[in-house]
Amino acid sequence: MPHITRRSLAAATAVLLGATALTACGSSGSGDEGGAASGPVSLTYWAWAPGMDKVAALWNAEHPDIQVTVQKQASGDDLVTKIITATKAHKGPDLVQAEYQALPTLVSNDALADIAPEVQGAKDKFAPGIWQQTTFGGEAVYALPQDSGPLMFFYREDLFKQYGLTVPTTWDEFAETARALKKKAPKKALTTFSANDAGLFAGLSQQAGAKWWTFEGDTWKVGIEDAATKKVTDFWGGLVAEGAVDNQPMYTPAWNKALNTGEQLAWVSAVWAPGTLTTAAPDTKGKWAMAPLPQWNKGETATGSWGGSSTAVTTDSKHKAAAAKFATWLNTDPKALEALVKESGIYPAATAAQTSGALAQAPAFFPNQADFYTRAAEIAKTTAPAAWGPNVNVAYTSFKDEFGKAAKAKSGFDAALAKVQTTTVADLSKQGFEVAK
């Protein structure tokens, strides 16, 4: 994404879910009102990750001059809407946990402060593709990365051996593996194409080089129908149409059963997949292995991301420097990161924490792959840049509707992609953004 400033974003006058344009909120700048010199600073942190209060307690015990209170919130669009509403009333918290794809919406509504001066030196602690999601490729820093979800390939090691399958390193090999399995075991499938979570498709498109939203001046350009995404759409749509992969949605009882019984041999997912497999396929513990995501061209090393969030300081905070100090500690300090892993169950965005502390050993569900997190950390470094926009929620809903119909019909994927594009453009225009034709 090109360089974006809050001023240029705010000039587009868009807000989430059709609300009216916002006036600038009263930011305290880089200074603190009522800072440590005149008494303890009290900060409020809106977050949804479990156990975040326990992590903050570690900070509070060591920083009597800056005390943080965690207020548990809902996640997703509900929290974004609540933050924007609070910003309009100048009653926002000091800090918020925000998903990466929500940051452009929050910045366009002047809800997040630029904390670049307060977090100098933090950039090198994160993979470039992750850091970019909090800066939009510019000099302003609107949040610090907290957790990430690099995409990987998970497969039943025992069944691959049984059917004589080789772990694919390219998407062409992936397709041939799916076809080979169907010939050997017609009732089984390598994996499924699911439309009930757009995050996976977005990550796959990200790996291919897609840039769904870009920004120049006061104008947004929507590229959901770009060449990279068309390539991903044609690939998966083609496999579904020929019956090489399944078309049932994820997270259903039928999907759980397919994983648990070995009817589905693999899953393209993120680093957090072991936790899902623990409950979805409990009988398969120790039978799975993880490998890098297949590549479009042999020899490449790029992955996409599925999920992840950041810690941002709001423009309403009267203690910007103190809030940024806590955010930096939370996402870069070894003690804090180990607590985040243990208490909140996250995969930290900070590269140093991805193979240390609580992640020094493999997930319990993968006892056969001792180097799980070592390999995961290498994959995470290759995360491709993402390009988010102010109405990700609209695009994701349209994807679920249109690609859901295409998956069920096993046809019409190109038309589904075109519909997501036009729906997203129309919504941006309706909200008041200038949109390139």
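**Close-up 1. Ser-398 and its contacts.** Leaving aside residues up to four places away in sequence, Ser-398 touches Phe-403, Lys-419, Val-420 and Thr-423, where contact means heavy atoms within 4.5 Å. We are looking at a predicted model, in which local features need pLDDT of at least 70, side-chain atom pairs count only at pLDDT 80 or more, and totals for chains, interfaces and linings use all residues. Residues are numbered from 1 along each chain as its sequence is written, and side-chain values use heavy atoms, with hydrogens and water left out. Ser-398 belongs to helix H15 (residues 392-409); helices (H or I, at least four residues) and strands (E, at least two) are DSSP runs, numbered from the N terminus. With a relative accessible area of 6%, Ser-398 is buried (buried is under 20% relative accessible area, exposed over 50%, partly exposed in between, with a 1.4 Å probe and protein chains only).

Close-up 2. Helix H10 spans residues 253-261, and Trp-255, Ala-258 and Leu-259 in it are buried. Seen down the axis of H10, these buried residues fall within an arc of 95°, so they line one face of the helix; the arc is that of the directions from the helix axis to the C-beta atoms. Their packing partners are strand E4 (144-156), strand E7 (266-270), helix H11 (273-280) and strand E8 (288-292). On the face turned away from the buried side, have a look at the exposed residues Pro-253 and Lys-257. After H10 comes Gly-262, with a positive phi near 85°.

**Close-up 3. Two aromatic pairs.** The structure holds 41 aromatic pairs. Phe-201 and Phe-403 have ring centres 5.1 Å apart and planes at 45°, so this pair is tilted. Rings of Phe, Tyr and Trp (its six-membered ring) pair if their centres lie within 6.5 Å; planes under 30 degrees apart count as stacked, over 60 as edge-to-face and the rest as tilted. The pair links distant parts of the chain, with Phe-201 in helix H8 (residues 198-208) and Phe-403 in helix H15, 202 residues apart. Both Phe-201 and Phe-403 are buried. Phe-235 and Trp-296 make an edge-to-face pair, 5.5 Å centre to centre with 80° between the planes. Here Phe-235 lies in helix H9 (residues 227-242) and Trp-296 in the loop between E8 and strand E9 (305-313), 61 residues apart. Phe-235 and Trp-296 are buried too.

**Close-up 4. Lys-82 over Trp-46.** The charged end of Lys-82 sits over the ring of Trp-46, 4.9 Å from the ring centre. This label applies if NZ of Lys or CZ of Arg is within 6 Å of the ring centre and within 35 degrees of the ring normal.
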